[in-house]
Every structure is written in structure tokens, then in C-alpha cells.
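Here are a few exercises to work through with the model open beside you. Try each task before reading its solution.

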Amino acid sequence: MINIRPVSDLRNNFTEIESIVKNGEAVYLTKNGYGTMVVLSLEKYSALTDEVELKLDEADKAAASDDTRYSAEEVFGRIRERINGR
């Protein structure tokens, strides 16, 4: 079940929100009726970001070992070509 709460619940009902998050669920917070943030456990956040962090570390190592650099135009041009199937 999606947990949507007003941001004031973070202050007024922190313990309740904390227990929801510790159970592996996300809590979506709203301010004035609009979504403003999501609260996750550290474990859930890590599961979402660990692979990205690894890939960024790999890219940093590859960049450090190779002097080849591409302009933004070259990079995005190649991406457009792949998307458009050329």
C-alpha cells in the first residue's frame, strides 16, 4: 500500500513513519497537497543507488586511464543515433 502523508507528519508522527520505512516501505510526503519528497530506509536507498555508484566508479577509473575526451555534441549525437536506430 502506498503511504502518502503530509510533511508535518515527519515532525508530529516521526516514530510511526520510521517504523513504516524500517519495514521496507517508502513514505511519500506532501506539502499543500503536492508531492515534495520520499522517505526511504538506508537499505532501500542503497539498493536503488549501489549499482549506479559502481558504474560511476568504473567510469571514473576508465576516464583516468584514457586521455580520450568527447564533447557534449559528440556524446549526445551518438546517443541520438542509437535511439533513432542508425
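**Exercise 1: A nonpolar patch**

Tyr 70, Val 75, Phe 76, Ile 79 and Ile 83 make a nonpolar surface patch of about 490 Å². This is a predicted model, in which local features need pLDDT of at least 70 and side-chain atom pairs count only at pLDDT 80 or more, while totals for chains, interfaces and linings use all residues. Residues are numbered from 1 along each chain as its sequence is written, and side-chain values use heavy atoms, with hydrogens and water left out.

Task: find which helix holds Val 75, and decide how Val 75 is classed by accessibility.

Solution. Start with the patch rule: members have over 30% relative accessible area and no salt bridge, with nonpolar side chains (Val, Leu, Ile, Met, Phe, Trp, Tyr) joined within 5 Å and like charges within 9 Å. A salt bridge here is a side-chain nitrogen of Lys or Arg within 4 Å of a carboxyl oxygen of Asp or Glu. Areas come from the Shrake-Rupley method with a 1.4 Å probe, and for residues only the protein chains shown count as cover.

Next, locate Val 75 in helix H4, residues 72-83. Helices (H or I, at least four residues) and strands (E, at least two) are DSSP runs, numbered from the N terminus. Finally, Val 75 counts as partly exposed because its relative accessibility is 35%; the classes are buried under 20%, exposed over 50% and partly exposed in between.

**Exercise 2: Tracing the strands**

Task: work out how strand S2 pairs with S1 and with S3.

Solution. Strands pair if DSSP finds at least two bridges between them. S1 (residues 3-6) and S2 (residues 27-31) run parallel, joined by four bridges. Within that pairing, Asn 3 stands opposite Val 27, and Pro 6 has Thr 30 as its partner.

On to S3 (residues 34-39): five bridges join it to S2, and these two run antiparallel. Val 27 is partnered there by Val 39. The hairpin of S2 and S3 has two residues between the strands, and Asn 32 takes a positive phi near 55°.

Technical notes: Buried < 20%, exposed > 50% of the residue type's maximum accessible area, 1.4 Å probe, protein only.
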